Every structure is written in C-alpha cells, then in structure tokens.
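Subject: Structure handover

Hello,

Here is the structure for you to look over. My notes follow below it.

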Amino acid sequence: MPIEIVCKIKFAEEDEKQKEKEEGDKESLIEEPARPRSRDLATFASASTLHGLGHICRSGQLGVRQTLWAFAFLVSLAFFLYQAAKSALLYLEHPHVMALDEEAIREMVFPAITICNINRYRHSALTDADIFHLANMTGLPPKDRDGHKATDLLYPDPDMADIVNRTGHQLDDMLKSCNFSGENCSSRDFTVVYTRYGKCYTFNGDRRNPRVTRQGGMGNGLEIMLDIQQEEYLPIWRETNETSFEAGIRVQIHSQDEPPYIHQLGFGVSPGFQTFVSCQEQRLTYLPQPWGNCRASVQGEQTLPGYDTYSIAACRLQCEKEAVVQSCHCRMVHMPGNESICSPNVYIECADHTLDAAVEDSQERCSCPTPCNLTRYGKEISMVRIPNKGSARYLARKYNKNETYIRENFLVLDIFFEALNYEAIEQKKAYDLAGLLGDIGGQMGLFIGASILTILEILDYVYEVIRDRVSRVLRRSKPPLKKPSGSIATLGLEELKDQSPCETLGRHVEGAYNAGILPNHHHRHHYPHQGVFEDFAC
C-alpha cells in the first residue's frame with residue numbers, strides 16, 4: 001500500500017512579496033467566474049425579434065437551408081433599404097399640396113375700395129405757374145392766360161405735393177350719391193390716398209374699425225354714383241408719359257392691411273354704365289421655408305417703414321422709393337417716407353425713367369415674397385348701360401346738367417359680396433416627419449419584421465460584445481501572478497526508502513529544490529536561487 005508524505009516548503013522573501021498579492025488574487029479568482037459572459041451570435045439570433053435571423057445563425061455547419069434563409073433575408077433587407085431611401089428622398093424634397101375649403105359665417109369684413117379718376121389734373125384748377133412747371137408732364141404750352149411765353153415768366157419753385165392735392169379731382173364734386181348696406185354715406189367716409197394716378201380716395205380703409213356686412217347679394221354692399229368730370233380733362237397738345245386717352249375711373253378692391261397698388265392691380269369702370277362687381281373673399285395660407293417661399297410675420301416686427309403690416313404692394317412701393325431716392329435724391333408724391341419730394345422737372349428727367357426701370361427689373365432688384373397669410377378678392381364684373389331715356393331727363397334736371405353730359409360722365413358702381421362665405425386656400429405639407437416614420441416603420445415590419453425594439457436589441461448585443469472584448473484586453477495587460485508563498489509537495493514512499501528526510505535535504509544546494517516534487521510547479525515558473533530554507537515539515 002503506497003504511502004504519501006506531504007511536505008510544506010516556505011520561502012521567507014517570497015512570502016513577504018506575495019503576501020500583499022494573496023488577497024487580490026483570491027478576490028480575482030472568486031469574481032471572474034461570477035462575471036456574465038457575452039452571448040454568442042447564435043444565442044442572440046435565436047432570441048432576437050428580427051425575422052429570419054434565427055434560421056441563419058444556427059450552430060453547426062452552413063447548410064442549404066441556412067443559405068436559402070440568408071438569401072431571403074438579404075433580399076428583404078435590400079427591398080427595405082430601397083423603400084426607406086425612397087421615402088427619405090421624398091421627405092427631403094418637402095412637397096406640399098393646396099387644400100380648398102369653403103366656410104360660411106354670419107358677417108364679413110367689407111374690403112377697402114380705392115377709386116381714382118384717370119385724369120390726374122383738373123384743367124380749371126391749374127394756375128399759370130402750374131402750367132409752366134407741368135409743361136413737360138402735361139404737354140401744355142407754357143403760356144399764361146394772356147398769351148405770354150415762358151421766357152417772360154418767373155414763378156417760385158413748385159411744390160409737387162401741393163399741386164397734386166390742389167389740382168386733383170375732388171370727391172365732393174365727383175360723388176353724387178353713396179349708399180352702404182342701405183345706409184347713406186358721403187365723402188367724409190372716404191380717406192385721401194396718393195397713387196400714380198394722383199389724388200385718390202379709399203372707402204373703409206381703417207383697419208382698426210372696418211365696416212362689416214351681414215348679408216350677401218346686390219344692394220348689400222357699396223353703391224356709388226360718380227361724375228368723372230370730362231370737361232376737366234386736360235387737352236392734349238402733344239403726347240407725354242402722363243397723357244391719357246381714356247375716360248373713367250380705376251378701382252381696386254383690397255384688404256385694409258395693404259396699400260393700393262392701383263396702376264397695376266386696379267380695373268377700369270366706364271361712364272355711361274352701371275358696373276356690378278360680385279366679390280368672393282379668399283383667405284390664403286402659405287408655408288414658410290423649406291416647404292414654401294412665404295414670408296412669416298413676427299409679432300411687433302417693423303417690417304417696412306411707413307406700414308404697419310407687410311404686404312407685396314407695400315414692399316414694391318418701398319423698393320420703388322429706394323430706387324428713385326438713390327438715383328434722384330428725392331421721392332415721388334405717392335411714395336412713403338420723409339424724404340423731400342421731387343420737382344416736376346426731376347419727375348420728367350429722372351424719376352419717371354427710374355420708376356419704369358424699377359418696375360421692369362422688379363424681379364431682380366427687389367425681392368417681395370408672398371406673406372404667409374393673405375386676403376384677396378375674386379371678382380365677377382357685369383354692366384348695364386345708364387341712363388335710359390327716362391332717367392336721363394330726370395338726372396339732367398336733378399343735377400342741372402344736360403342729357404348728353406349725363407351719358408358721357410355719370411357712372412354707377414355697385415360692389416357686394418356674392419354670399420357670406422369665404423374660400424380658405426391652405427398650403428399643407430404633403431409628406432411630413434410623421435408620414436416618413438410611419439412609412440419606414442411599415443416597410444421595416446413588412447420586409448424584415450423589425451421595430452424600434454429590435455434596433456435596441458441589436459445595440460444591446462453590440463454593447464455586450466464590446467464590453468467583453470475590452471475586459472479581456474484589460475485582463476491580458478495585467479502582470480502574471482507570482483508563486484504563492486506556501487506550496488504542498490507530495491512524495492511517494494518508494495522515493496524515500498533508502499534515504500532519510502535529512503539525507504534527501506542534504507543533496508540539494510541551499511535555496512534550490514527539485515521542481516518535480518512540487519505539484520504546483522509544473523516547470524512553468526523558474527524561481528531564482530534566493531531565499532533560505534526556513535523549515536521543512538514532514
């Protein structure tokens with residue numbers, strides 16, 4: 001029966017060096033098995049909600065079935081990526097659509113109505129000085145009423161604002177009757193405004209207290225009778241930029257938030273006719289960048305000098321004024337601002353040419369984007385001839401005019417709402433972020449059976465793999481563990497038959513022992529010949 005002898009060898013210096021390491025080594029040996037290892041790909045694939053992945057990443061060799069599943073998965077993934085990219089490109093194009101709706105209300109704000117006589121200056125109101133200064137504008141010869149020529153005349157410098165205000169057609173003389181929704185009105189209900197037609201008048205232009213109408217149809221709006229005073233039209237001696245061959249008035253229907261731009265946006269009304277204008281209010285809403293090109297208004301922002309709110313007409317007038325001021329160092333009468341007003345000669349020599357060029361190059365010189373909220377009015381115009389034979393005699397007696405004068409100078413303008421409703425035209429996003437996410441989510445579920453939680457699963461698995469790799473690298477970078485201070489040696493009885501323990505000890509050089517008798521030293525660690533033998537217990 002074999003007998004084993006267990007011996008304990010202790011090295012003094014090694015014990016001191018290793019003593020501090022023992023506790024850390026024990027903790028390391030205890031904690032490392034408790035740390036969870038990362039899952040392998042096959043385990044992750046079997047538990048993942050990503051369809052098809054569990055059939056591909058199976059343990060074992062790659063077979064035909066796994067290859068087919070991998071091919072089907074890649075094809076589905078390619079279709080998904082194609083559709084997702086297509087949806088993303090559509091979203092980046094920022095498409096929009098126009099939505100049209102019609103809403104009825106109990107009362108509506110009546111629009112502002114601006115009227116201008118096509119003739120700018122009344123012939124009877126021009127003085128000799130006015131004719132002299134306006135000779136190049138009107139084409140009239142610069143003579144006084146006694147026939148003196150221009151070389152004999154000396155007049156003070158003209159005031160263009162005074163000339164336009166004084167010589168323009170006066171509403172008190174033109175307006176013969178006025179009625180709004182069954183109530184009488186007068187020239188006091190109009191305000192003076194200056195345009196390229198000179199002195200004009202606006203009805204219901206106060207944006208703080210506008211008039212409203214509570215019924216649609218003819219007779220429930222503004223109805224006025226005007227005398228255009230053709231006998232006051234200037235005679236034509238020669239053609240100029242101010243020469244007009246027409247007779248009648250220009251009318252513009254606009255909101256209270258924008259100034260009149262009547263020379264481009266107005267329509268004409270002829271004498272000898274009653275003109276009916278049926279209006280339809282349209283409220284337009286546009287989208288700002290990047291979906292549209294409208295200009296968003298900011299509360300309290302001073303958009304344009306001289307105007308409370310931004311509008312295309314106000315922007316154009318401001319651009320025209322800046323062009324004229326830059327070239328001529330003055331402004332025209334109808335332009336906003338505090339700059340000095342150009343004289344008649346500057347009108348002809350500089351301002352008119354600059355203004356015409358500014359209008360032609362308005363797209364390049366001046367950018368006036370559409371406001372995001374805009375009100376405009378659609379119009380349907382019809383007319384009948386007036387007066388008839390019976391009313392011509394009555395009107396001639398009433399206004400102390402002859403019938404020919406009534407037919408050539410009188411007109412009736414009737415403006416009303418077709419109905420108490422308005423068209424809401426709104427620009428809307430055709431494809432927004434919610435639609436993009438919905439399409440990608442639907443395509444993801446259709447082609448690869450994934451969702452947001454599937455993406456989180458993949459990220460969690462990647463985190464586990466990275467954490468495991470980092471921890472392995474850190475463990476490899478630690479110094480190797482040294483020989484512990486205590487060792488246990490097992491000796492067989494046959495090895496010690498012919499020798500005593502002391503004789504066996506005497507065969508070794510001091511500090512050196514046979515490594516074969518130490519089971520924990522498998523020729524891997526070579527300890528230097530240092531330290532003294534402290535005790536040898538059997």
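Two strands pair if DSSP finds at least two bridges between them. Strands (E, at least two residues) and helices (H or I, at least four) are DSSP runs, numbered from the N terminus. This is a predicted model: local features need pLDDT of at least 70, side-chain atom pairs count only at pLDDT 80 or more, and totals for chains, interfaces and linings use all residues. Residues are numbered from 1 along each chain as its sequence is written, and side-chain values use heavy atoms, without hydrogens and water.

The sheet: five strands form an open, antiparallel sheet in the order 7-8-4-11-12. Strand 7 (190-195) and strand 12 (267-269) are at the edges with a single partner strand each, so one side of each has no neighbour in the sheet. Strand 4 (residues 112-117) pairs with strand 11 (residues 249-254) over six bridges, in the antiparallel sense. Isoleucine 113 in that pairing faces isoleucine 253 of strand 11.

The disulfides (cysteine sulfur atoms within 2.5 Å): the count is seven.

- The link is right-handed, with 75° about the S-S bond.
- Cysteine 315 lies in helix 10 and cysteine 368 in the loop between helix 12 and strand 14, so the pair ties together parts 53 residues apart in sequence.

Best wishes
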